[in-house]
Amino acid sequence: MIISVTERGTFRRCHQLWNYTSRNRQALTPLRVPTALNVGTMVHKAGEQWLLNPESSAADQALSVINDTIDTAKKQYRAVIGADPHPEELEGLLDQGSLVHIMLKNYQEYYGAPLPEGYTLVQTEQTMLLPIPGTEHTCEVCHYSELHFTNANCKGCNGQGTTCHYLEATLDAVLRDAYGDLWVYERKTYGKKPVLEWLQNNDQFRAYTWVLSNAGLGPVRGVLYDGLWKRDVAPKRSLDQLFTRMSINYSNAELRSFERELAREAIAMARANADPLEIYRNFRWDGCWDCSPPIRTLCVMEYKEEDAEFYKQQTFTTREAAPWLIEEDISDTE
């Protein structure tokens, strides 16, 4: 089973939410394309383009991404609804695009370059797939316990009959410092100034560090956090208050602990994937505010045994699977 860094958090939050959204499960996504996309996505895309073209203008890269985002939203909306979105439906997207443009413009004015001095870019959008130690098990694809048969051409286990669960992670970028060591680079937006303790205990950052450390590419120092506040300058707000850069390091002991718990999570997720009785809801005491409205509605309808199937068909489509989740035909022995 291949699990992503982000779906681990979803599984821990609520098994039923994981069941709805994971590519390993139902992979549901709303049929009606939202036109109010988030600021973080556009900042990420614009920042990536600026990393690849450091001599260009960050503001210009932002404008390019904003225009592409609007065009894509219109095309997807038209494909689903059969008509163009009303201008009022695009207001949220336009407002967020305006903020993204301001944020990137201010970023370049303050820092001057997309990377801190002394760092060089190794790769942007680096996706890695690593086996999880401690999750060895019989290959579900080619091994049949009754026949004790193993397909020598099975790509899942290379004919060994046993395999591991895998962790998939996509890093914003990988950097190299002046000493030749590698860093995970994470450019993030925030609504509230981050606290160092929260960043140091960020599960995603620790997972990315573990992945890069086990990829065999060289010594890894940690995560370089590059945060942008979702604000503009103001009478009582100076330019330097809009940004936060921190280097975050993890000890070998922390990474060993992460690896042990990662194996337990992967085994639990695989067990739930095989047995629906392992899947249950987590109605939080403070509400399910972190679920999207369509998912919340579907969840409650199923819980109340209402006509949830009709609602699901009218509201959701299936997310495109990652290439490595598409099953191979192992019967071909050529």
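This is a predicted model: local features need pLDDT of at least 70, side-chain atom pairs count only at pLDDT 80 or more; totals for chains, interfaces and linings use all residues.

Trainee: How many residues does helix α3 have?
Mentor: Helix α3, residues 39–52, has 14 residues. Its first and last C-alpha atoms are 20 Å apart, close to the 20 Å expected at 1.5 Å a residue. Helices here are DSSP runs of H or I with at least four residues, and strands are runs of E with at least two, numbered from the N terminus. The expected span is 1.5 Å times one less than the number of residues.

Trainee: What caps its N-terminal end?
Mentor: N38 does, with a side-chain oxygen 3.2 Å from the backbone nitrogen of G40.

Trainee: Which residues of α3 are buried?
Mentor: They are V39, M42, V43, A46, G47, E48, W50 and L51. Buried means under 20% relative accessible area, exposed over 50%, and partly exposed in between, with a 1.4 Å probe and protein chains only.

Trainee: And what do those buried residues pack against?
Mentor: Their partners are helices α4 and α5 and strands β3, β6, β7 and β8. Contact here means heavy atoms within 4.5 Å.

Trainee: Changing topic, how many salt bridges are there?
Mentor: A search of the whole structure finds 16. A salt bridge is a side-chain nitrogen of Lys or Arg within 4 Å of a carboxyl oxygen of Asp or Glu. One of them joins R13 and D290 at 2.7 Å, N to O. R13 lies in helix α1 and D290 in the loop between α8 and α9, so this pair ties together parts 277 residues apart in sequence.

Trainee: Is R13 buried or exposed?
Mentor: R13 counts as buried, at 11% relative accessibility, whereas D290 is partly exposed at 34%.

Trainee: Which residues are linked in a network of salt bridges?
Mentor: R8, R12, D203 and E265 are linked in that way.

Trainee: Lastly, which residues make the nonpolar surface patch of about 200 Å²?
Mentor: L31, V80 and I81 make it. V80 belongs to helix α4 and is partly exposed at 34% relative accessibility. Patches are made of residues with over 30% relative accessible area and no salt bridge; like charges are joined within 9 Å, and nonpolar side chains (Val, Leu, Ile, Met, Phe, Trp, Tyr) within 5 Å.

Conventions
Residues are numbered from 1 along each chain as its sequence is written. Side-chain values use heavy atoms; hydrogens and water are left out. Accessible areas come from the Shrake-Rupley method with a 1.4 Å probe; for residues, only the protein chains shown count as cover. A polar contact is a pair of N or O atoms within 3.5 Å; within protein, one must be able to donate a hydrogen and the other to accept it, and residues adjacent in sequence count only if both atoms are side-chain atoms.
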